Amino acid sequence: DSTLNVDNSIHEIERLIDERGGEDKEELLELLEEVRELVENIQTTRNIPKQKNLFQRLSNHFSKHGWFYGAVVKLLGTTAMTMLGTN
């Protein structure tokens, strides 16, 4: 069920990127792919690895694409909370 929720969230973010990403679409899609891989890693290993570079790159889009930053943070938070709730 959590995999379905993650997939739905990712598809929704992809839709938003298509609608609102403008000239940054490609970079936002690349970032989303990294986030998807991170979420899969968290789900598989039940560990949250440090991703300083990824989070720095996400933060760089905060002022211009706050909707993207917010959606990704929500996805990661939901993944972490799901993991904590299934211990």
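At what angle do the axes of H3 and H4 cross, and within what distance do the axes come? The legends below take up this packing and further close-up views of a predicted model.

**Figure 1. Packing of helix H3 against helix H4.** The axes of H3 and H4 cross at roughly 145° and come within 10 Å. On the H3 side the contact involves Phe-55, Leu-58 and Ser-59, which meet Phe-68, Tyr-69, Val-72 and Leu-76 of H4. Sorted by class, this contact of H3 with H4 comprises 6 nonpolar residues and 1 polar residue, with no charged residues.

**Figure 2. Packing of helix H2 against helix H4.** Helix H4 spans residues 66-85, and its axis comes within 10 Å of the axis of H2, at a crossing angle of roughly 5°. H2 and H4 are therefore roughly parallel to each other, because an angle under 35 degrees is counted that way. From H2, the contact is made by Leu-28, Leu-31, Leu-32, Val-35, Leu-38, Val-39, Ile-42 and Gln-43. From H4, the residues taking part are Trp-67, Phe-68, Val-72, Leu-75, Leu-76, Thr-79 and Met-83. The class count for the contact of H2 with H4 is 13 nonpolar, 2 polar and no charged residues.

**Figure 3. Packing of helix H2 against helix H3.** H2 covers residues 25-45 and H3 covers residues 52-59; the two pack at an angle of about 140°, and their axes are 11 Å apart. That angle makes H2 oblique to H3. The crossing of H2 and H3 is left-handed. Leu-31, Glu-34, Val-35 and Leu-38 are the H2 residues that meet Leu-54, Phe-55, Arg-57 and Leu-58 in H3. In this contact of H2 with H3, 6 residues are nonpolar, 2 are charged and no residue is polar. Among the H2 residues, Leu-31, Val-35 and Leu-38 also belong to the contact with H4. Among the H3 residues, Phe-55 and Leu-58 also meet H4.

Figure 4. His-61 lies in the loop between H3 and H4. Its relative accessible area is 6%, so His-61 is buried, the cut-off for buried being under 20%. The side chain of His-61 forms a polar contact with the side chain of Glu-27, at 3.2 Å. Apart from neighbours within four places in sequence, the residues in contact with His-61 are Asp-24, Glu-27, Leu-28, Leu-31 and Gly-66. Of these, Leu-28 and Leu-31 also take part in the contact of H2 with H4.

Figure 5. Asp-24 is placed in the loop between H1 and H2. With a relative accessibility of 12%, Asp-24 counts as buried. A polar contact of 3.0 Å links the side chain of Asp-24 to the side chain of Lys-64. When residues up to four places away in sequence are not counted, Asp-24 touches His-61, Lys-64 and His-65.

**Figure 6. Arg-20 and its contacts.** Arg-20 lies in helix H1, which covers residues 2-20. The relative accessible area of Arg-20 is 46%, a partly exposed position. Leaving aside neighbours within four places in sequence, Arg-20 is in contact with His-65 and Trp-67. His-65 is also touched by Asp-24, and Trp-67 is one of the H4 residues in the contact with H2. From C-alpha to C-alpha, Arg-20 and Leu-4 are 24 Å apart in space, while 16 residues apart in sequence.

Figure 7. Asn-5 lies in H1 and is partly exposed at 42% relative accessibility. The C-alpha atoms of Ser-9 and Leu-29 are separated by 14 Å, and the two residues are 20 residues apart along the chain.

**Figure 8. Backbone of Arg-46 in the loop between H2 and H3.** Arg-46 is placed in the loop between H2 and H3. Phi of Arg-46 is near 60°, a positive value in a residue other than glycine. At a relative accessible area of 38%, Arg-46 is partly exposed.

Notes
Residues are numbered from 1 along each chain as its sequence is written. This is a predicted model: local features need pLDDT of at least 70, side-chain atom pairs count only at pLDDT 80 or more; totals for chains, interfaces and linings use all residues. Side-chain values use heavy atoms; hydrogens and water are left out. Axes are lines fitted to C-alpha atoms, for helices over the stretch in contact, and angles run from 0 to 180 degrees between N-to-C directions. Helices (H or I, at least four residues) and strands (E, at least two) are DSSP runs, numbered from the N terminus. Angles under 35 degrees count as roughly parallel, over 145 as roughly antiparallel, 65 to 115 as roughly perpendicular and the rest as oblique. A crossing is left-handed if the near helix is turned anticlockwise from the far one by less than a right angle, and right-handed if clockwise. Contact means heavy atoms within 4.5 Å. Ala, Val, Leu, Ile, Met, Phe, Trp, Tyr, Cys and Pro count as nonpolar, Asp, Glu, Lys and Arg as charged, and the others, Gly among them, as polar. Buried means under 20% relative accessible area, exposed over 50%, partly exposed in between (1.4 Å probe, protein chains only). A polar contact is a pair of N or O atoms within 3.5 Å; within protein, one must be able to donate a hydrogen and the other to accept it, and residues adjacent in sequence count only if both atoms are side-chain atoms.
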